[in-house]
Amino acid sequence: MRSTFHGLEVSKRGLIAQQAALNTTGHNIANANTEGYTRQRVNMVATTGIPYVGLNMSREAGLLGTGVMVSDIQRLREDFLDLQFRNENKILGYWDERVDALAKIEAILQEPSETGLQKVMDQMWQAWQDLSKDPINPSTRAVVRERSIAVAETFANLYKQLQQIQQDMDHVIGVKALEVNSLAQQIAAVNKMINDVVPHGYVPNDLYDQRDVLIDKLSKLVPVKVNYVENGMVDIEVDGRDLVNGYTSVPVAAVRNPQTGLNEFTIGGVSFKPTSGAITAILESRDVLIPGTMERLDLLAINLTREINNVHKLGYSISDINAGGGSSQIPFFVDRVKGGTADPTGAANIAINPAILASLDAIAAARPEPDGSVVAGNNENALAIAQIKFKIIPAGAGPTDFKEATTLDDYYRYTIGELGVKGQEAIRNQKNSETIVNMVAAQRESVSGVSIDEEMSNLVKYQHAYNAAARSITAVDEILDRIINGMGRVGL
């Protein structure tokens, strides 16, 4: 037969269960704005009943309920949405960095603008055109020299700025390697805490949330694969390379390559290039995109100066005419590093011939007349140099030749146009990736996010259930008081 105090135990269990639900609801409300928090729900089940034996029956009349208990506190999380979010997040990380790198290159080149290389070259060609109109005027000669100096300085400045961006990105590789290493260590540390409590029957929901936030951040840098193992821990792989094993992490660092002078991204001391993510875009920008732009600047500078030098050597300067001899055949541009009369070997090495810097009369604007005489007022060489702007330079097989026949201007315009197309493509892909990431994040939030309205509704529901359980205890207490203190006192 059941105990007289059975009602107290049933109601007490109700109080405990509803109080747990109230506490969990309060925990959800408190973390409504916490990054990565997953709402929790208290699952309740009826406790095992006891036989209710009938008074005049030898068999059980039924099972008497014994109340309620909390079976678990469930974290409402969808693993598939986590997987989808991280897969899309790495793509977004890649395009974010790609857009950033292209934006920096475009900001340096500043095309089209009044201060870009195209404008400076146009001014130089115009200066040569003006010189052909008045080849002995010192002021027009001075303009040619100054415009040419501006071209040389612009080439060098652009090249050095691109080098600086490359060095900055190399530094970013080191920073990102430290970030990946830190995230891996934190994930391993949370794994350790989870492993300490799960074997004892506890479910550390908040620790799971902390770990998921760390994995989400890691997924933007490198492609991650999450493997769930025993005791609630996870192992992390990056493109098949182990990063986290239980509560130990593989060291990640940036190691400088002595041959290139650039940082290499390493996992466990071995050089590694991830296939996607922000780090992949940074590596590609540093090793491919920026060097490619620098190479095109070099080719433009080499061919520009070579063409001008070839024509300039054919001409006669005022100094040559006054000396009464032949052409001195001096180049207009020389290599800053090699010195002498060598043609420039790159965009950063262009310099004006010291002879021209010393005297404007050294500029060769004239060519011999049909009778072989040379006069100072002849303008044919200056005009020939001015027309180089429109000359189609044939393709060559050498390392300093254009690979297709083109003019100098068209080659530079193609370079700028190609960067512009790449920039537009990167922005388009970035926006598409961002849209997908936001969509998946919204879906995940709809499952795991805290809704204040829903939690307030639950709060009222659990509060009423708690009050009803408390009122049940009061009713049983009154019954027991009547049994204990009121029965057997007839006539007293």
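Q: Why is Arg296 said to have no salt bridge, and how far away is the nearest side chain of opposite charge?
A: In this predicted model, the nearest side chain of opposite charge is Glu418, 4.3 Å away. A salt bridge needs a side-chain nitrogen of Lys or Arg within 4 Å of a carboxyl oxygen of Asp or Glu, so Arg296, although buried, has none.

Q: Then what makes Glu418 a contact of Arg296?
A: It's a different cut-off: contact means heavy atoms within 4.5 Å. Arg296, which is found in helix H6 (residues 278-312), touches Glu418 along with Tyr411, Tyr414 and Thr415, not counting residues up to four places away in sequence.

Now for some strands.

Q: Why are strands E9 and E10 called a pair, and how many bridges join them?
A: Two strands pair if there are at least two bridges between them. Five bridges join E9 (residues 252-256) to E10, so they count as a pair. They run antiparallel, and Ala253 stands opposite Thr266 in E10. The two strands form a hairpin with six residues between them, and Gly261 in the turn has a positive phi of about 75°.

Q: How do you know that E10 and E11 pair too?
A: Two bridges join E10 to E11 (residues 270-271). The rule asks for at least two, so they make it. Thr266 has Ser271 as its bridge partner in E11. This hairpin has two residues between its strands, with Gly268 in the turn at a positive phi of about 65°.

Q: What makes E10 mostly covered?
A: Buried means under 20% relative accessible area, and four of the five residues in E10 (residues 263-267) are buried.

How values were computed: Residues are numbered from 1 along each chain as its sequence is written. This is a predicted model: local features need pLDDT of at least 70, side-chain atom pairs count only at pLDDT 80 or more; totals for chains, interfaces and linings use all residues. Side-chain values use heavy atoms; hydrogens and water are left out. Buried means under 20% relative accessible area, exposed over 50%, partly exposed in between (1.4 Å probe, protein chains only). Lys and Arg count as positive and Asp and Glu as negative; His and the chain ends are not counted.
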